[in-house]
Amino acid sequence: MATAPILDQSNLLELAQPLPLDGGQSLPGARIAYETVGTLNPARDNAILITHALTGDHHVVSNHPKTGKPGWWVRMVGPGKPIDTNRFHVICANVIGSCMGSTGPASPAPDGQPWGMRFPVITIRDMVRAHVALLDALGIESLHAVVGGSMGGMQALSLAANFPGRARAALVIASTARHSAQNIAFHEVGRQAIMADPEWREGDYYAHGKGPEKGLSVARMAAHITYLSEAGLTEKFGRRLQDRAEKTFGFDADFQIESYLRYQGLSFTDRFDANSYLYITRAMDYFDLAEEHGGLLANAFTGSRARYCLVSFDTDWLYPTAESRNVVHALNAAGLPVSFMELSAPFGHDSFLLDVPALDRVVAGFLGEAR
Amino acid sequence: MNAAVPAGLQGGLRRDLAVIAANIAPSSSVLDIGCGDGTLMAALRDGKDCDARGMELDPANVSLCVAKGLSVIQGDADKDLAFYPDKSVDYAILSQTLQTTMRPDMVLEELLRIGRKAFVSFPNFAHWRVRLSLLWGGRMPVTRLLPIPWYETPNIHHLTVDDFRALVKERGIKVEGCWFLSGGTKCSAAAANFRAEHAVFLLSRA
């Protein structure tokens, strides 16, 4: 890269008060890991909160401390980039329930032992509560925008709807206001794979030096398919064989796609905690913004005065365009200013993380326009 | 009847859009259906302090609008107007789009449901040049304003000024104003069906 490496801006906030949760419990001593880039202006009104996806983290621009890979959205965030850190103070926080720095099932409970399955079931709104607590601690009353793709988009919608006034704009990419039966079904396959692995030990595997890696790997393999498009898979792998001329008439990874998925599954287990996967997928499955507001999605936005922009991708079958349109119609009904477009990109759901110049233009245009 | 155009508003606007812009009250709320690259919306926002929203079929145009800070959704006038509440804007605008819709009559009803008033502009298929072209050439007219051949034109419901007048009369829609344009000049209502290339109507429910 031509630009100088950006220093790791990782910080940790410990919440003084227990975090109240939708499930009725509260989370004591919650820690929130976050990264900030760019300068907060004296008026404290140029902050953009970036919310991450299911297996994401707060290393939005800095290198990942474990894998050494560049931050997950360096192509979008930085000086002169669509989310311009010369102009905006960017904050990205790891969600609670995760294993990347914020408190989750692998973190110690008050008794000093890992939470494991004693960790309370959390929701997307609970994740957002933690973000809002962070904003309070940082002295940021009103965000210029909240921006997220996939599960990050759910958090952006939840924040804009449930905490009106805290964000003046919401940019929601490749996301949905509720998890569909198909979304829940894929997640359930993943969870069952984890829980069927004897190494899972009812979630109490931390002292055994080995977790349900096989189960977590299968969960990731199944999920990974949903992030890609059929056309993308066909173009990248087709029916090509992996390092061999003939089929082996066995169950090795004969096909390139098999080898690729196995690698994706295996490498995922190095960086992600199986219990976190259970808790975060559950939070996504429970997400239904309309249900939180009496069953009518438009009602969720009654108190909102934010600008909205929704973007979907034509090859995304995980959160297809119809889901974004559903949100757009509700925002229209609520009389809020909303932009929406379906972009054409070959990469399926993952398009929001990949090279889609049209997305860059929309992000820059939407965020750059101060109201 | 044509109000003075504020300085800086008319420059660069297509003629029918300039007529619409000139006749919209300041600080109105507006829904521009088929808003293209958002030229009219931007002019109304910047020149008349309007709260302008838009709908546009082409995602590239939607991106251009968003880059201008406009709120525009990618949508289809035939399908996506149903989701707007009744009387939610002062003006619903449909410029050069009516003839491209599947059901122009239903779109017209939707405009007057959503907007307290509606502007509709369209190319007049009974303009003398079009008539001559069909009469002498015997082929579907390709003119300056209708430059695309029949097989690839987005205009699937050609209409004339008199057709439109008949439709609004039949539906009990009130014509609050009308403007007829030929090249750079205006022409009279009486000769409009023969002489106007473009028509602009301001409508309301009687």
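How do α1(A) and α2(A) lie to each other, roughly parallel or roughly perpendicular?

What you see here is a predicted model, so local features need pLDDT of at least 70, side-chain atom pairs count only at pLDDT 80 or more, and totals for chains, interfaces and linings use all residues. Residues are numbered from 1 along each chain as its sequence is written, and chains are lettered from A and ligands numbered from 1 in the order in which they are written. When I say helix or strand, I mean DSSP runs numbered from the N terminus, H or I of at least four residues for helices and E of at least two for strands.

Okay, back to that pair in chain A. The axes of α1 (residues 124-138) and α2 (residues 151-162) come within 9 Å and cross at roughly 70°. Axes here are lines fitted to C-alpha atoms, for helices over the stretch in contact, and angles run from 0 to 180 degrees between N-to-C directions. Angles under 35 degrees count as roughly parallel, over 145 as roughly antiparallel, 65 to 115 as roughly perpendicular and the rest as oblique. So α1(A) and α2(A) are roughly perpendicular to each other.

Who touches whom? By contact I mean that the C-beta atoms of two residues, placed from the backbone, lie within 7 Å. On the α1(A) side we have A:Ile124, A:Arg125, A:Met127, A:Val128 and A:His131, and they meet A:Met154, A:Gln155, A:Ser158, A:Leu159 and A:Asn162 in α2(A). That contact divides into 5 nonpolar, 4 polar and 1 charged. For those classes, Ala, Val, Leu, Ile, Met, Phe, Trp, Tyr, Cys and Pro count as nonpolar, Asp, Glu, Lys and Arg as charged, and the others, Gly among them, as polar.

Staying in chain A, look at α3 and α7. They pack at an angle of about 160°, with their axes 10 Å apart. That makes α3(A) roughly antiparallel to α7(A). The crossing of α3(A) past α7(A) is left-handed; left-handed means the near helix is turned anticlockwise from the far one by less than a right angle, and right-handed means clockwise. Among the residues of α3(A) that meet α7(A) are A:Ile184, A:His187 and A:Ile194. By class, this contact has 6 nonpolar, 3 polar and 2 charged residues.

Now for α4(A), residues 213-227. Its 15 residues, at 1.5 Å each, should span 21 Å, and the end C-alpha atoms are 21 Å apart, which agrees. The expected span is 1.5 Å times one less than the number of residues. Which residues of α4(A) are buried? The list is A:Gly215, A:Leu216, A:Ser217, A:Val218, A:Ala219, A:Arg220, A:Met221, A:Ala223 and A:Tyr227. Buried means 20 or more other C-beta atoms within 10 Å of a residue's own, exposed means 12 or fewer, and partly exposed is in between, with C-beta atoms placed from the backbone. Those buried residues pack against α3 (181-196), α6 (256-271) and α7 (274-286) of chain A.

In the loop between α3 and α4 of chain A sits A:Glu202. Its phi is near 55°, a positive value in a residue other than glycine. A:Glu202 is exposed, with 8 other C-beta atoms within 10 Å.

Over to chain B. Helices α1 (residues 15-22) and α2 (residues 39-48) have axes that come within 10 Å and cross at roughly 30°. That is why we call α1(B) and α2(B) roughly parallel to each other. From α1(B), B:Leu17, B:Ile20 and B:Ala21 meet B:Thr39, B:Leu40, B:Ala43 and B:Leu44 in α2(B). This contact has 6 nonpolar, 1 polar and no charged residues.

Chain B has a positive phi too: B:Lys87, near 45° and not a glycine. B:Lys87 lies in the loop between β3 (71-74) and β4 (89-95), and with 12 C-beta neighbours inside 10 Å it counts as exposed.

Last stop, where the chains meet. Here 20 residues of chain A are in contact with 15 residues of chain B. On the chain A side, the elements giving two or more residues are β11 (307-313), α9 (321-333), β12 (338-343) and α10 (357-368). β12(A) gives the most, with 6 residues. By class, that side of chain A has 11 nonpolar, 5 polar and 4 charged residues.
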